Each structure stands twice: as C-alpha cells, then as structure tokens.
Amino acid sequence: MTGRRRLGLVAAAATLLAAAPLSAIFESWTWIAQCVLTVALIEGAAMATRTFRFPTWAQALSMTLALVLALTWLFPSGKEIIIPTPDTLSHFADLVRQAGEDTRSYGVPVPDRDGLLFVAVLGVGSVVIVVDLLTAVFRRPALAGLPMLAIYSIPVAVYLDSVPAIPFVIGAAGFLWLLVADNVDRVRRFGRRFTGDGRDVDVWEPSPLAAAGRRIGVVGVLVAVVVPLGVPTVTGGLLTQLTQSNSGPGGNSGTGTGRINLFASLSGQLNQNATVPLLKVTTDEPEPFYLRFAIADVLTENGFGHEAPRGRALALGLPDPRRAAATRNADYTEYRAELEITKDLQQNMAPVYTYPTVVDGLEGPWAYDEKQQVLYSNRFTTRDQKYTFTYMRAKYSPRLLQQAAPLPADDPLRAAYTATPGDATVDATVKRLITGKSSDYDKVRAIYNWFSKDNGFRYSLSATTTGKASEIAEFLTNKAGYCQQYAAAMAWMVRAAGVPARVAFGFTRGSQTGPGTYSITNRNAHAWTEVYFQGFGWVPFDATPSTGVTGSARGASNWAPDVDRPAPTASASADTGEPGPDSSADPGAANGENRANADGGPDADTGTVTEQTDWTALWIAAGVALILALLLIPALRRVLVRKRRHAATAPAAPTVLAAEGATDLTVTAESGQAREDAHAAWDELIDSMIDFRVPVDPTETPRITTQRLIRDLSLDGEPADAATLLGTAEERARYARTPLQGAELTAALRRIRSGMSAAASARTRLRAALLPPSVLLSWRLGLAEWSTRTAERLTGIRESLTRFNPRRLLSRSR
Amino acid sequence: MTTPTWGEPSGPLTSAEFRAAAQAIMANIEQVIEGKSATVRLALAVLIAEGHLLIEDVPGVGKTKLAKALARSIDCSVRRIQFTPDLLPSDVTGVSVYNQETRDFEFKPGAVFANLVVGDEINRASPKTQSALLECMEERQVTVDGTTYELQAPFMVVATQNPIEMEGTYPLPEAQRDRFTARIAMGYPDPRAELAMLSGHGDHDPLNDLRAVADAAMVRRLIETARAVHAADAVQQYAIALVTATREAPEIRLGASPRSTLQLIRTAKAVAALEGRDYVLPDDLQALAVPVLAHRIIPTSDAQLNRRTTDAIVSEIVHRLPLPHARNPYDTRDGRASYESRGR
C-alpha cells in the first residue's frame, strides 16, 4: 500500500474519531453506524481512484459521488433505484428543512430524526472529503484540523456551559494520529529509519528522537493544567466542572438547592440558543394566566432576592382563598389543570396556577408556602413529574380594587414589602407619577401605565444585567429590557409608592398546541409584578410589553390592561365587564385580543418560518450575487487597467514625428510622456497576449515579439500594421534617444486586440472577457511574492530567536 | 552609386550619407560575392567598428575573395600576407636593416603597415609568427627594437582560416582569437547564387573589375558616425548580461572577456548605423552574439564530447536570457515598477 492510500485511510478514521463529539447530541448511536458506512464508501472511492492514478479533481468528484450515493441509500425518498433522481434531491431539501425545524423544536440530546441524521451524515461526509484531500492530496494535514474542529463546534454551540470533554479528547487523538501518520510517511520517503544503535525502526514505532518531544509535551500539558488551578479567576474549566456536584445537561438545574438567583436563571433560560421544551399544561380555563413557581420579595442593594419557602405539607390540605379574609373580595372561579413536566425542568419548586386548592400526582413530599404561594419540596424535583391540580382563578374588578383600603403604615406586611434601597431617580419618578392619585390602585395603575411604548420603553433581550438594584434604577432611564427589568422596576416603584409589591416567576402561556393545551419551553420563562391589596391578596401586574413575550396574557386582565394597545371602546361590555373610572379596557375585547394572541402563537411561528425561508432565499440570492460580483472583479480590474492605459496612450495633441537621427539628448516632458505612453501601450499589448493565450517570451525583443505575433496569428492588414507600430513605439521608447511621438497607439491597440480576438477560439475569448488571465496571473504573482517575503521575514525572526541565548546575557552581566 | 568626394572635411555623416556610402561599399563587394549580403554587411560592420575579422570556413567558399573585395572597394593601402609555416614575425611587423650609406639601422616596415591587412590561412603560421600580430591588432602599433611605430587608421586585419585541415596547422591561441572582433563563416552559396557565380566568373575574374568606392578618410568618417550611435542603458546591461552568461554557463570553461563586451557594443553600433538607426537594439546584440562571442569561448570537455559547438551554446544563451526590464509574466517583478530604470 502506498503512503498516500494509507494516509487516506488514516484521514477517514481520524475524521470518524473527530465526529465523536456528536455523541453528545444524539440519544442513540444510529448516527455513528450511518457515518461509518458513508465514510467507508467515500474512502473506498478515494482509494479506487488513487489506485488508477486519477487526477485530483477526479478523486474529489468520486468522493462526492460516493457521498451522494451513500446519502441516497441511507435516506431514500422511495422513488429512486440506487441512482439519485431529482426526487431524491428534493427529498434531501425536505430533510434539511426538517432538520432546521427539529433543531428548533428538540432539545439535546435529540432522538433519531431523519433530518438531523441526514445533516450529520452529510456534514461528516463532507468533512471526510475535505480532510482526505488536504491530507493525502495536498499534504497539509495540519489544515485538516479545521474541518474536524468544525464538528466539535456543534456541541459547543448547542451546550452553553458544559461540553463533554471525553469526545473532544477522542477527536484530538484522531487529529494527532493524522499528523503523526503524515510525518511518518514523510520521513519514510527518505528511506528506512534507524535507531541510534542501528536497529531498524518499525513503521508505526515512534522515532527515538521523539523522546525529547514527548518530554516537552508532558511538561507543557502539566503546566497548562496546573497554572489555571493556581489562578482563582479562571473558572468554568474542566476541573471546575468536575468538582461541581450539581452540574448537568440543560443548564437549567440551577434552581435546585440553596439560595439561587432567580433572575440569573431566568435570563439564562431566555438567552439559551436552543429551545428546550419544559412542560405541557392542559387546563379547562379558557384564558389561563401565567404558571407560577417562585417569588422574589426581598429588595436590597443587590436587587430582588428570595427567601426559602416555608409551609405545610401538601397532605395537610391547601387554603381556600374564598374563605381567607385577606383574599375574600376577589371573584373566584374553579378550574382544573394537568401538568406534564419533561426531564429538562429540574427544580424543587413546582409550577402551578395561583391559588391551587387540590394537588394530585406529585411524587414525593411537597409543601405549600401560603405566604409566597409557592409549592416546593426540599428533596424532590419536578423532573418528569406529572400532576393535576384544581385552582381558583381570581378576577379583580378595577372598581373594587380602587376601593381597597391602603394597609396601615404599621402593618408588618406593609413594612416587609415596601422596603427599598432608596434611589433618588426612582423616588422622584414615583412621586411625579402618583401625584394626585388617592387610592393604592390608582397609584399602581399610574406606575403600571408609565411602562408604555409611548414613554419610550421597549423590549430587548440583549440587555444584560446582574439584577443589582442600581441596574434596576438605571433601567428607568435607558428603558430597554425584558421581563426581569420590567417586573423588578415596577415592583420597586410600587414599593416606593408605599404599596406592598414583589416579583413573581413562572412561565407565560406558551404556545397553544390543542384545545386548552399549551406547550411551554425555556423561552417562555417569565417574571411579573404582584401588588398586595387588602382583601384581594396579591394581584398580578405584567408590565412587560407583550410584543416580546410569547404567550403573554397581558390583555387578559381588565385590572391591568395592555397599555401598548389602543384602548377599545367600552361600549360592548360582556360578562364581567365593570367599566371603572380608570379602566377603559373591555374584558371581552381584551379576551378577543388575547385569543388572537394565543392563537397567534403557532401562526406567528409559521409566519416566522415562512419569513425565514424568504430570508434564506434572499440570503442565497445575495450570496450568489456576491459570488458573481467577486468573479467579475478580475474582469472589472482588467477593464479599468485598460482604460487607464488607453487614457495614457490617447494622443493629447497632434505632434510631428521626431526627426530621425536627432542627437538631442535632453529628455523633454513630451518625450518622457511619449515614452510612458509607449510603455503603457506595450504593457496592454502584453496583457492582451496573455489574455488571448498567446505565449509571452521575456527573452524576446519588442520587434521579435510583434513579428511572432503577426506570424503566429497570421495577422494582416490593419492589425499587423498596428502590431508593428506598437513594437516600434516600445522599441524606441526603450532604446532610442527620442521616442516615437504622436502615434495613434490607442487605435492600434484596439485594432490588434480585435485581430487577436478574431484569431482566438470562442472559449479563449470568453475567458479573456470574464476572467482575464493577465489579472489573475498578476494577482497570483503578487500573492506569491508577498508570501515569500512574509516567509523570509518570519524565518529571520525565528533565526534571531533561535540565536537568542539567555545564558549569554547572564555571562555578560557577570 | 555615390562616389565620395575627396578631401572632404572630416566629421560625422548624416544618416543618409552614411547609408549611401555603406551601400556603395556593400554593392561593390556583392559584385564579387553573390548571395552573401548578411556576411558582407557583417564584414563591413566589423570594419566600421574598428575591429578585425576572422573568416573561418572550408576551402573554396570565397574567404579570400571576400577579404580582397573588401580591400579593393576601399581606396587605401592593402597588404596581403600568406601565412606559411616558415613565416617569421619580422615578415609581419618589419625589421631593422643596416644601411651602409647612412651607417645606421633602418626600419623596413612589415606587412602590417597598411590600412587593410589580409592574412590568408593564418593558422598555418607558427604560434611565434601569429603572436607578432598581437600588439598591432589590439594596440594598433608595432614595436621593433624598442621603437614603437604607429599604424595607420583605419587598420583592420582580415584573416582567413580553414577549420577542417588540421595537419600542419597551429590553432590560434586564445589571446589571438580574443583580438578578432568577429568570426564569420561564409557558408555555401545557394544554387541560384552559385549559378550567377558561374556565369559571372566564367570568362574573367570580376575582382579585377572592382573599383574603389571609398577611401580611408571616408572610412574614418563612417567609424566616427558609428561611434555616435546611442546605446541605451538597457542595451548595455543586456550586453553585459550576455557576456556574463557565457562566463557562468556550465558548458563553458572559459567565457568571453570584457574586451568582447566592448566589441559587441561597438559592432552593434555599426550594424545599427548600417540599418539607418541611431540607436542600438537588443536585436542587434542577439544577431551579433554568435559571430562576436562564439570564437572566444572554450567549452568544457563534456560539452566537446557531446559535440556541442560554441555557436550552439551561445545561441542557446541568447534564447534563454531575458531582456533587462522586459516584463516577464512568469516572474514576480511587476512590470510597472521597472519602468523607472527602463528606457534611456
């Protein structure tokens, strides 16, 4: 077996090893079987073509064909027999589209979806082709690391924080194997290898000389591992991960134990690249409000924090809000909901609708904190839980809320929930907003209404914050943020107005998948504000603009209508409509809007999909246009150069021919110009010759060149005269005392170009027009010269570094 | 045919005058040597370049006839030396003879004291005699018994030799060969020229009918005019590059001398003037490289074993060597950047 073929095999095996990180993405191992099959086919094709000594392009072509065939066999559309047909290709396109959808709808690890498997096999196959060509044909195995790294980048992109390390080690081993195989092959070309004592060294045995290299490698790795350990700021590395106990895939397990930052968890989920389905809820309530699992009620300099919930076990029963004095005044309806949580939502607080009365099916001991209205467990998590619960949906009428008496100032609840760190901006804003408002509800509505588009607020997920109090205050001036800023800012402002408030965490409605069934993903994580009204309990206010929140239920509440929507007329009031003085919102209309909103979930999604395909088409068109434009650059450059030269050679003024034998040695401006013109014309002629594939010989004089041109292209008449004229002009410009002046060089150039074009084949003509070889040649030579110069400079630097010897400095100082 | 005016004041000729005079001489010679205008032109160019000519070819192709026709066309002193093995150096340079009347040694000038010296079968003389020509050819003077005698201007040695016959000949030493500006071969005439020769030479020798069409003064003015021909820097560099290439070529043991560079440019100037140009072209150098350089170089024994003639080696160098500052599309030098040094 020749070295080249062996290298091809190693390249294929190394690529398969490098594909190991994909194991973190797929649930099963189907992909690897398919990849191995495809890679084997491709490498077989490569070896066959190499055996018959086919040229490089034929090797690449055969490998591509093998890839297409393998894909056809692995993912048949059902209409083809072995050979792919147009149907197959459209099937492939469908698969790619399906893969795109799957990446949006599935979290890692994904099941064996055809689309995803297709993309994986296609990717690995393409990488094998590139790696094989780079290694076995171009002998640049180091470059082959790039496509192999591309495979590794896929799990890195999917997993935000933790990437399995073992597959990377496997992939890196494959790459190193490739490098070693290539170097061994290189050394073997010199002949057999020997040890120092004359023993023959086997092919795969490392060279004895490599011992020093190994020692250096070991020391380097040790240093690389030990040094970061000593630096405290370096975190998130392999060791940190290994030492962390509760790390797991999904990155959303942070809500597990101890005091955690709910805000950080929220922004983490919203900013995650992948969409991970978390839970599914079915309810008989027509317009459910948000699912809720935690609150943050302690506002300090560090922002909102929460206390660990404390309460009674579920088994002891849940309170009924209708009977409690604190919540009696609201209007309650009983509903029933069923929740199914996937394994990706792993936390010890169970999402429920507010005021659950009966909870069934929760595995393990769970407890309910009445104050926080949070269902929690100290040991069990929600992972894979499925439970049903009955709950009371509270409806508040603005009129009644308005009549709610403010809490007395010495009430412990008021004292606990109106504490703020104090901020001049916030206080001033609140004071301005609530001036003239008497009731708590009016104050709260004034603050709530202030978070509107009209006041410059907008939704932006890119606002990164740590949730610190100062940043919440800052939000009031920069006015760009997402739910966490809106909820925290409003809670703070309501507190500043003397009304108890806190931040609630949960999920929006998500996207409706069936009647009463909603699917909720990590993207639906949400936060909103709860305000306490005496006799009503905690009333939710969602100040976040509904535009940025999928499944927002902002419009569903007539006590807190969507301030960004045009207020509908209050005439058509339906069931519960009690148009209060401040509420112009019509519940029916609000419900209608809300339905549109909820139904709009999937609609909006399909809208995004079509929009995306439109965009894709546009991108492709733009890409094609860009490629075309790039391809046209040489032609454009050629035209510009010709234009410049023509401008140089166009006769400026009619001048007489210089007298022959003139002995005047002074070079006048005109003669200098004439000389430049002749050179420009000659350069143009030479470039034209290169363009039209007429050989250019640097040993020829202008005279001989033109003679050959006339003879070879059998020019006659005007083109021949033009060639002679150009030759004479250049000859005199180079060698005579006085150049030829006033000659019609531009016209001559045109004539000779047309003559050359007439003598050339159609293909040559097309190439000369579209991809002028002269421009390409000059670019190639320029690039070659630049790289040579760079290489020389680098060599110089390396040599000076090699010569640098610290010992010499020591001895000098001594 | 223009007859130059006698006693005209010397000075450079105009282009037209130069051409007329040169054409007259060439036409005159071509009455005798048919179909060899390139050789005749080269011979005249060597004369105008103040050089010496070595005509080397097989017997009977008109070597001596060319030399004699050139001599006859110019009205100046002509001497002919038949080089024989017993020829002595003093026969060439001259000898001091004791004059009994004046009771003193008197210098009897040898054969070289003429404007044109035709040396026939130069390789038949002994090296000793051949060496007698060294001083006069290069320095245009003769030193006998400590006295130096200037030779007349113009002074040209036209020597012939037979490369085939080796028996009883002494090959010219390198120093001697280097003094010849150019070596030309006559070559066989084509059939038509040979036919014309038969009809022309049938009854009488046309050489006898030749009349001089120029004189020594005219030749001096021709020489002066040719000297003024412009050789651009690029051309001079090309000449140097050509000569340097012969020194560096792996097939050559001894390359061309700096003198050959000078003579190459001079001859090129003469050729350019003959073609009516006042500037030298690299084409001239390319055309002259073989006649001017080939006889001076010594190929390595390998090249000799491979039967590589010096002519072939030199012409290969010509075809291999790029022109100075010519835009080479296969080189990394940018064409535009080299213009500053191109041209004059």
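Is Tyr149(B) buried, exposed or partly exposed?

## Tyr149 of chain B

In this predicted model, Tyr149(B) is partly exposed, because 16 other C-beta atoms lie within 10 Å. A residue counts as buried if 20 or more other C-beta atoms lie within 10 Å of its own, as exposed if 12 or fewer do, and as partly exposed in between, with C-beta atoms placed from the backbone. Tyr149(B) belongs to strand E8 (residues 147-150) of chain B. Leaving aside residues up to four places away in sequence, Tyr149(B) touches Gln141(B) and Val142(B); a contact requires C-beta atoms, placed from the backbone, within 7 Å. Tyr149(B) and Thr93(B) are 56 residues apart in sequence, and their C-alpha atoms are 9.8 Å apart in space.

## Basis of the model

Residues are numbered from 1 along each chain as its sequence is written, while chains are lettered from A and ligands numbered from 1 in the order in which they are written. Because the model is predicted, local features need pLDDT of at least 70 and side-chain atom pairs count only at pLDDT 80 or more, whereas totals for chains, interfaces and linings use all residues.

## Chain B and its helix H1

Chain B contains 13 helices and 13 strands; these are DSSP runs numbered from the N terminus, helices being H or I of at least four residues and strands E of at least two. Of the 344 residues in chain B, 44% are buried. Among contacts in chain B with a separation of 6 or more, 78% join residues 24 or more positions apart.

The buried residues of H1(B) are Phe18(B), Ala21(B), Ala22(B), Ile25(B), Asn28(B) and Ile29(B). They cover an arc of only 125° around the axis, which puts them on the same side of H1(B); the arc is that of the directions from the helix axis to the C-beta atoms. Their packing partners in chain B include helix H2 (37-48), helix H3 (63-73) and helix H10 (258-274).

## Nonpolar cores

A nonpolar core is a set of buried Ala, Val, Leu, Ile, Met, Phe, Trp, Tyr and Cys residues joined through C-beta atoms within 7 Å. The largest has 95 residues, of which Ala43(B) and Val158(B) touch the most other members. A second, separate core of 90 residues includes Met349(A) and Val494(A).

## Annotated spans in chain A

An unreviewed UniProt entry places the feature "transmembrane region" at several spans of chain A, including residues 56-75 and 115-135; such annotations may be inferred rather than shown by experiment, and positions follow the numbering used here, with feature names shortened. Residues 56-75 of chain A are 95% helix and 0% strand, with end C-alpha atoms 28 Å apart. Residues 115-135 of chain A are 100% helix and 0% strand, with end C-alpha atoms 30 Å apart.

Terms used: Contact = placed C-beta atoms within 7 Å.
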